[in-house]
Amino acid sequence: MKDLFRIRFFDSCSDNRKSKSGPADQKRPRRPKWVVVVAIVFTFAMCGAVAHAQTPFYQGKTITIVVGYLAGDGYDIWARLLAAHMGKHIPGNPNMIAQNMPGAGSMIAANSIYNVSKPDGLTMAAIGPSLYLDQLIGKKEVQFDWAKFGWVGSTENTPWLFYMNANTPFKSIDDVRKAKEAPKCSATSSGTSGHFIPKLLEEAVGAKFTVVMGYQGGAEQDLAFERGEVVCRALSIPTFFAREPFTTWRKKNMVRILLQTGRKRDAKMPDVPTIHEIMNEHKTPASTRALVTAILASGDLGRPFVTPPAIPAERLKILREGFRKTMTDPAFLADVKARKLEVDPDNGEELEALAKEIVSQPREIIDRMKKLLAE
């Protein structure tokens, strides 16, 4: 548009200069100077508008990933890996950083990104996949609608395992069922695997536990275990096999794994029964199995990365595409391997559909959840 205007405008001026002697040209009035000035200003304005439209939104900007857990936790490790590589797969190559906002099993971070962060595509969050349980049971701390987050993607699926201090007499879930005193397990808050898996085991097979809550994150729970404050905990399988102190604990035979939650046994734990096998053994009723399935669905959400609600659709699309490309980036995969992690991603569209599905539970299931997950 700029070039077309320049050609037409200056060609007409050139015609005036070259044809002063012609009768027709002599009748043509000379343009006032202000017309020239306006035309030039208009030309530069149009040029600037075109240039602005061609500049990627993310160019020169920074995307912040808010991590709802302590530094060094599994969620934090994945967030920092993503921050180190995802920016180059977004038009404009924005800088990306991770900031920790731990507390209440990532509830604080979830509430913050939903209500405080601007929906401009410059903030993401790594939050726990089971927070929807607190929404379903109506906890007053919940200040979000799970289905309305912008779902970017998940780096891995996170089925859980349940481990016990090897110095205790508990060698199986049946031993816990027969115990006179319930063993103490750690958790950050309700609605987390550390809380709901012991509760599910009590509901499904009658194994009772005392759940001690209020820990800020994994590191605090690890110390509590080593000090003997607690003797058991539910944890994601990928984290247990990827980082310390669990590698050392396994080498020193400090822990015994009693259970895993996947539909089939993980190759790393071929001798550890699944919760489904244990329910089969104890002939758990179908209604209770449905409750277990609804609660364990959070494992399919894995390690979700979300944005505030109402983010512009085009920017969410850009973030999802950047996430997808990162999951196959050789440099990213090399860093993942170096940390003994494994990528098992889900895209944002899949997570969005699952998020809407799992918050649409029948009233009967929700009522049982409220009873089961009460603090």
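Two residues are in contact when heavy atoms of the two lie within 4.5 Å. Keep that rule in mind while reading this predicted model.

## The chain at a glance

The chain holds 18 helices and 11 strands. It has 375 residues, and buried ones make up 50% of them.

Helix α8 covers residues 193-205, and S193 lies in it. Is S193 buried or exposed? Its relative accessibility is 14%. Buried means under 20%. S193 therefore counts as buried.

Which residues does S193 touch, leaving aside neighbours within four places in sequence? They are S130, W160, P198 and A234. With W160 there is also a polar contact, made side chain to side chain at 3.4 Å.

## The open sheet

Strands of a sheet pair through backbone hydrogen bonds, either parallel or antiparallel. Here, 6 strands form an open sheet with mixed pairing. Their order is β2-β1-β3-β10-β4-β11. The edges belong to β2 (95-100) and β11 (346-347). Each has a single partner strand, so one side of each is left without a neighbour in the sheet.

Look at one pair inside this order. Strand β3 (residues 123-126) and strand β10 (residues 304-307) run antiparallel and are joined by 2 bridges. A126 stands opposite F305 in β10.

Helices pack here too. Helix α15 (residues 313-326) packs on the sheet and touches β1 (62-67), β3, β4 (150-154), β10 and β11. Its direction makes about 5° with that of β4. Helix α17 (residues 348-358) lies across β4, β10 and β11. The angle between α17 and β4 is about 115°.

## A buried strand and its partners

Strand β5 spans residues 160-165. How many of its residues are buried? The count is 6 of the 6, so β5 is largely enclosed by the rest of the structure.

Strand β5 pairs with β8 in the antiparallel sense, over 5 bridges. Within that pairing, M164 has C232 of β8 as its bridge partner. Strand β5 is also joined to strand β9 (residues 255-260) by 5 bridges, again antiparallel. There, F162 stands opposite L259.

## The disulfide

How many disulfides are there? The count comes to 1. It joins C185 to C232, with the sulfur atoms 1.9 Å apart. The angle about the S-S bond is -95°, and the link is left-handed.

C185 lies in strand β6 (residues 184-186), and C232 lies in strand β8 (residues 232-236). The pair therefore ties together parts that are 47 residues apart in sequence. Both ends are buried: C185 has a relative accessibility of 0%, and C232 has a relative accessible area of 1%.

## Two nonpolar cores

In soluble globular proteins, nonpolar side chains tend to be buried together. The largest nonpolar core in this model has 60 residues. W146, F149 and F162 have the most contacts inside it. Helix α8 gives the most to this core, with 6 residues.

What does F149 touch, not counting residues up to four places away in sequence? The list is A110, I113, Y114, I127, F144, V306 and T307. A second, separate core has 30 residues, and M96, F323, M327 and V336 are among them.

The peptide bond from E244 to P245 is cis, with omega near 5°. P245 is found in the loop between α10 (237-240) and α11 (246-251).

N253 is in the loop between α11 and β9. K340 is in the loop between α16 (330-338) and β11. Are they buried or exposed? N253 counts as exposed because its relative accessibility is 59%. K340 counts as exposed too, at 58%.

Terms used:
Residues are numbered from 1 along each chain as its sequence is written. This is a predicted model: local features need pLDDT of at least 70, side-chain atom pairs count only at pLDDT 80 or more; totals for chains, interfaces and linings use all residues. Side-chain values use heavy atoms; hydrogens and water are left out. Helices (H or I, at least four residues) and strands (E, at least two) are DSSP runs, numbered from the N terminus. Buried means under 20% relative accessible area, exposed over 50%, partly exposed in between (1.4 Å probe, protein chains only). A polar contact is a pair of N or O atoms within 3.5 Å; within protein, one must be able to donate a hydrogen and the other to accept it, and residues adjacent in sequence count only if both atoms are side-chain atoms. Two strands pair if DSSP finds at least two bridges between them. Axes are lines fitted to C-alpha atoms, for helices over the stretch in contact, and angles run from 0 to 180 degrees between N-to-C directions. A nonpolar core is a set of buried Ala, Val, Leu, Ile, Met, Phe, Trp, Tyr and Cys residues joined through side-chain atoms within 4.5 Å. A disulfide is a pair of cysteine sulfur atoms within 2.5 Å.
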